[in-house]
Every structure is written in structure tokens, then in C-alpha cells.
Amino acid sequence: MPLTMASQGEINSIKSIRGKDETKRFLENLGFVIGSKVTVISEIGGNMIVNVKDARVAIDKGMASRIIV
Amino acid sequence: MAIKIALAGNPNCGKTTMFNELTGSSQYVGNWPGVTVEKKEGKLKGHRDVIIMDLPGIYSLSPYTLEEVVTRNYLLNDRPDVIINLVDASNIERNLYLTTQLVEIGIPVVIALNMIDIVRKNGDKINLEKLSKELGCEVYETSALKGSGLKEVTDKAIALAKSKAKTIPQHTFDNVVENGLAQIEVAVDSIISNKEQSRWYAIKIFERDEKVLEQLTIDSSIKQKVEEIIVACEADMDDDSESIITNERYIYIGKIIKKCLNKKQVGMTTSDKIDRIVTNRWLALPIFVVVMFIVYFVSVSWLGTIVTDWTNDTLFGAWIQPAVGDFLANVGAAEWLQSLVVDGIIGGVGAVLGFVPQMMILFFFLSILEDCGYMARVAFIMDRIFRKFGLSGKSFIPMLIASGCGVPGVMASRTIEQDKDRKMTIMTTTFIPCGAKLPIIALIAGAMFAEKSWWVAPSAYFLGIAMVLFSGIVLKKTRLFLGDPAPFVMELPQYHVPGAKGVLIHMWERGKAFIIKAGTIIFVACGVIWFLSSFGWNLQMAEEGDSILASIGNVIAPIFAPLGFGNWKAAVATVTGLVAKENVVGTFGVLFGISEAAEDDPALLAQVASMFTVISAYAFMAFNLLCAPCFAAIGAIKREMGGWKWTLIAVGYQTVLAYAVALIIFQLGGLVTGAVSFGPGTIAALLVLGFMLWMLFRPYKPVKKEKVLSAGGQVNV
């Protein structure tokens, strides 16, 4: 399922990231790679703060929906 | 020969703090990613021949963001003698990703495991020896904030630079990838002159890095061969080449972490718990509004007024001004000199200085909010709202900073990666009333609205925000800015209790500019205004109405007549506002010959009140708040826009919009209250209003731009 559907506080593992553009690369550089654990810390209207590799990253809805967990 | 040491690391891991500590300088340090956008150079304290380079924070050496390009070009082309790689110890896994790339470029690397105090506090343990062995370079624990461990790191760096030792990458990727890389290394062997970098280039070619491919000029036969190798590898690993490398790096780091990091705490950190509340879906906005209300209420209305009154009434009014006046009279100074000093200098400069305490309090609060990590969250909270108006959440930080001063506000726009978003933010940021515009608001509020003036200051902020949002919608529909706002990704710092030293330094750094301005530009400007208003063209002292300034003002004044302030004093004040916005009040002070004209001085208020009607005063304020900012801010706009063309577009847009808004306020507001009768001016105002509404509501087709990646030839979906 896309990360947007994950519930708060639950630890998920990234299965894939859709798309093949700079945004995907940037996410990967930030630690969003296959197998990484992500936790949704909070969510406002689809925009999310997630914890990945001990860093807190804010991403918008469009990006969160491309991360499949 | 001088040794060059480069500081490289992830954004917000403490590079600039360390740079300041090492060089004794005081570069701006902010608590969100991307504060340093240009490289900065300084000399290491106690070593004349060691140069320290502060580089922008980056997550990787790929060429996607401005910061990455700046840092990468410096490292590859200027080749510093040694790199100190700052690694945020509290976030070691992600930080080491960059390390794996830095060790590949053939420059010796020393690792500074920074923020080690946070790790210790959490009870985590990092095995330095193992880490050092795994990475192939020395590792030292540091805390840039406390200044510990820095000497060891720099000593080692200098030793490494002198011995010309090399750092050899210790990591290997999956066999399939390694095979491919080896084949590429052989294929391009003839092109790479610097053999130390051959692995780096092999990897970059494998990743199809556009900038590297451009730079290398590989002939087509080799190119084709390389492409075959890459495609074979991609088929094998079922991913695109760049993602393969990224994954491989993280797999390798994962292994190191398992061996070297002993994490005590699992589950939610305190920072995450705070975020649960502060960025909560329902609570985020109310909390933000309350926080900002408290900040502005305390610094502008309550505590700010108390200290400003004291500065004006006691410090200047009761002590300095009479003392100086008496002194000049006693020594028998010429009347013109007394007039220059008391009316010109103290009148103008005092009006500005009296405002400094209020600004300092505002900056104090903004510094606390920034330092503890809340500011970065605000961008996240505001993103969803700003997106509706064609801006991204990142536009909000420059605007918040601009409420202190427009210059750092404009500069903060650099954290916005997308060019169109950044330009639009630069154009609209100065609509938010800055500290220097507060005296204008206070003056108009006090003069025209007397007892019922509480709503004037909030309405000025509201006007600024409304104009930002209006511009967001309207500009997005023009050809220059068409397109969706960029996707929002931003790393958030951990919350921490702000240090007193850091906050006070921040406050001082921000407030200093105003005091310096008062002592330099405004000092001179007030002297010039005094001279021009006291002397006629024949260089004899003249009545104000016959002065040089009056005749200049009378030429400009008709431009502002449709806005309701077509008298020469208001015109001159507006123009002097370009030098510094505080000058608007300072100029009135000089022109009305009131020594120490603070914005709440009763004599000044009475004079100003006689010059305006309620409506024209508000129009005057609106114009001065929205029109072209001061020269310093225009200079910042030019630097950030990178040329005069965009600077003129920005300043032109601001001034035209200011004129339009002031016209509507005066003409239509006047018509309603009966102060203005229906005429050509009203018709013009109605036409302008109609045009603005049409721009706001006209439908437009959002053109979805499909970006084509040239490297792999794939089209994005």
C-alpha cells in the first residue's frame, strides 16, 4: 500500500518507490530505499512527517503516495 | 603552501557552527537545512597557512540541487588537500551515505562524529575503532557547539594533508555491480587523467550522471559499450543504475551500523512525541497562530512598547536631547549647527534608534523559535495552505524571517530548489512588513486613528499576507510562473532546548544591522534631508516651503496625487524610504523640525495628522509597505535573482501593485466616506480593481509539464 495509507506510529518497511525521476533519486539519497523502516509521525491532509533512518523528513502527499510500503 | 581543509556533510549537521568555532568568525547559523548556500572561506585560528572551507550541506554528490553542484564542483575541481566530513552522530546511518561517496574522490578524509553529546545522552554507543576500520579513515568525536574534539580533528587533518596520505574506499558493492564498474573503468581508462578518481568516475558514468558525461567527452563507440554494460547490469538487478548504487551503499552502511552502533533506545524519541502534538492534524494551526500571536503581542504591543517608550521619552527625550542642546548652546555653536544636530541628526536618527529595543525583542523570540527547531515545522504546517495559492511551504520561512528584515528573508529563499517557486517567493517576501516598516505603521496608527488604532498594525500584516497570496494566484497564471509548485521534501531537525548563547548571538546578529544602519545610512540621509530642507537653491537658509527639497518634492508629488498624498513632504518621505524604510519616519521628523521624532511623539503626530485624511494616510501607509523595498533589500533581490532583468521585474511588480492598492484604497475608500467625489480617479480605481479581480478569478488551464530525463531517455509519469 502507499505510505499515505499507513497509520501513525506503525513501523513499515519500504517495498518500492514509484517513478523514475529526480524526486525518486532525492528520496533515495535521503534514505528512502527498499528495505528501510519508515514510521509516520504525523500527518496533515496527506502531507506527512516520517522517521526514516533516525531522521525526520517532511514530505508532501504526492511523494508519500509514491512510496509503497 | 597553504593547506586547504574542506568541511563537508549533511545539511544542518553543524558545519557552520564548526567553521565559526575554527575560524573565529560569526557566519549565520540556522536550525533548518540549507542555510549555507555558498562556500565560505576562513583561516584556522592559530594557523596562518591553513584555510577552512565551509561547504553547503548535501545528502549526496549527485547533481540535483544547487548545493550539491556547488560542493561537488569545489571538491572535484579545486581539490582541497583534505576533507573533514562532519557526521551527525545522532543520525549516523543517513550521514554515512555521503561519507561512502566522499571517500571515493581521492582526497584524504577525516570524520568528525559531531553532536556526540546527544548520542551519549541517549545512552547509545558508537565503536570508533571499528567504524574507523570499516570506513578506512580516522574518526573523532566532536561537539562543534561546545567546541570539544575540534583540535584533534584539525590536527589530524593537517597531518594527513602534509603526508599526502590517501583514503582508500573500503566498501564493495554486489558482484554484478562491481563487475560492471570494473569493465567501465577499463573502457574509459584513456579518458581519465587522474587515476585516483577512476573509481569515482566509473561509478558516476554507471549512474549516467549528466554533468560528468558532459565534462568527459567520451566518443560514441565507448559510450555505446558502456551503455551496454549498464543495461546488462540493470536487467540483472531489476532497477535503474542510479538506484542500484544508492541501494548498494545503504546495504553496506547497514552492515557497518550493525557492527558499530549499540542503540539503547527503541521506539519514539522525545522529538517525535513533540511532533505528534505540534504537527497534529487539528492542533498544528491553532498552536502556530497562538505562538505567533504571543510573539507579536509581547514584542510589538506589550513589552516592546514599554521599552520603546522608555528609550524615546527617557533616554532620548529627557537625557540625550536636552544635554546635547544645552551643550551646543553653551559652547556658542552657530544656530545652523544646533539645528543640524538637534533637528537633523538627533531628530532623524533618534526616531530610528528608539525602535531598536522593540525589534530586539522580536528577534529574540524568532531566534528561540528557530533554534529549538519549531520554524522548520512551520514550513511543513503551512505547505498545504500555501500550495492552494501556488506557493510551497518552504516559501513561508523567508516570509517569517522577512517580518524581521527583508534582506535575510530574501536570502532565505535559497532553500527553495525550484527556480520558479524561488523567484516568486523573492518577489513577494518583502510584502510582509519588516521591522523597519513598523515605525511607519506606528506613526500612521498614532496620528490618524489615535485611540482606536489597535487594528491598524494587524491590518498591515494582513494586507501583506493578502498581497502575497494574491500574487501567488495571479503570478502562477502568467507565462513566467506557469506550473505546479515543486514537491515538498524537507528534513526536520530534532527539537532541542535552545542555548542562551546561541539565541543571544542570533538576536544580536539580526538586530545589529539596524543599529549600524541608524549610525551610517540614516545618519547621513538625515543630514542630507536637513540640508536640502533648510537651504534654498541660492544656498541661503530658507523657509521650508522655498527649500531645495520642497521644489524637488513638488516635482514628484503629482505622481502620488491620485493616491491622496500629493504633497511634497509625503512624496519626499516616500522616496527617502528607498534608502531605508525607517527613513520615512526620520524624514518627517526632520521636515517638521521636531527634535527626536519618535513615531509616538505628540507634536509629530499632530503635524502628520494635519497633512493627511484618514483614508489618504492609510493609502500612504499601504503604498510604503508594499512598494519597492529599501536599497539593501533590492540589492539582496538582485543577488538572488542573479541579474537585473528579474530584479526589475520584481521591483516593478511590487511598485505597480503598491500603486494599484493605494489607488483603490484612497479613491474607493474616499468615495464611500465622501472624502472623494466621483471622477476620473474613481473610474481608474474601479478599472484597476476590476482588472485585479479578473486576474484573480480568470480560469486557466494548468499545463502539466512532463519532465523528460535525458540521461536514460525515460519519460516520467
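Hi everyone, this is a short walk through a two-chain model, going from each chain to the contact between them.

First, some housekeeping. This is a predicted model, in which local features need pLDDT of at least 70 and side-chain atom pairs count only at pLDDT 80 or more, while totals for chains, interfaces and linings use all residues. Residues are numbered from 1 along each chain as its sequence is written, and chains are lettered from A and ligands numbered from 1 in the order in which they are written.

Let's start with chain A. Its secondary structure comes to two helices and six strands; helices (H or I, at least four residues) and strands (E, at least two) are DSSP runs, numbered from the N terminus. Read from the N terminus on, the order is β-β-α-β-β-β-α-β. UniProt, in an unreviewed entry, lists residues 1-69 of chain A as "domain: Ferrous iron transporter FeoA-like"; positions are in the numbering used here, feature names are shortened, and annotations may be inferred rather than shown by experiment. Over those residues the chain is 17% helix and 38% strand, with the end C-alpha atoms 6 Å apart.

Of the 69 residues in chain A, 59% are buried, and buried here means 20 or more other C-beta atoms within 10 Å of the residue's own, with exposed at 12 or fewer, partly exposed in between, and C-beta atoms placed from the backbone.

Now for chain B, which has 31 helices and nine strands. Its radius of gyration is 30 Å, close to the 27 Å from the globule rule for 717 residues, so chain B is as compact as a globular protein of that length. Its C-alpha atoms fill a box of roughly 90 × 60 × 55 Å along the principal axes. Buried residues make up 49% of chain B.

Chain B is divided into domain 1 (3-163), domain 2 (175-262) and domain 3 (285-527 + 564-652), with bounds from an automatic or database domain assignment. The C-alpha centres of domains 1 and 2 of chain B lie 25 Å apart. Their contact takes 17 residues from domain 1 and 19 residues from domain 2, where two residues are in contact if their C-beta atoms, placed from the backbone, lie within 7 Å. On the domain 1 side, H3(B) gives the largest share, five residues.

B:Ile361 counts as buried because it has 22 C-beta neighbours inside 10 Å. Beyond its neighbours within four places in sequence, B:Ile361 touches B:Val298, B:Ser299, B:Leu303 and B:Gly304.

Last, a pairing across the chains. S5(A) and strand S9 (residues 489-492) of chain B run antiparallel, joined by four bridges; two strands pair if DSSP finds at least two bridges between them. In that pairing, A:Arg56 stands opposite B:Leu492.

Notes:
Rg over C-alpha atoms; globule rule 2.2 N^0.38 Å.
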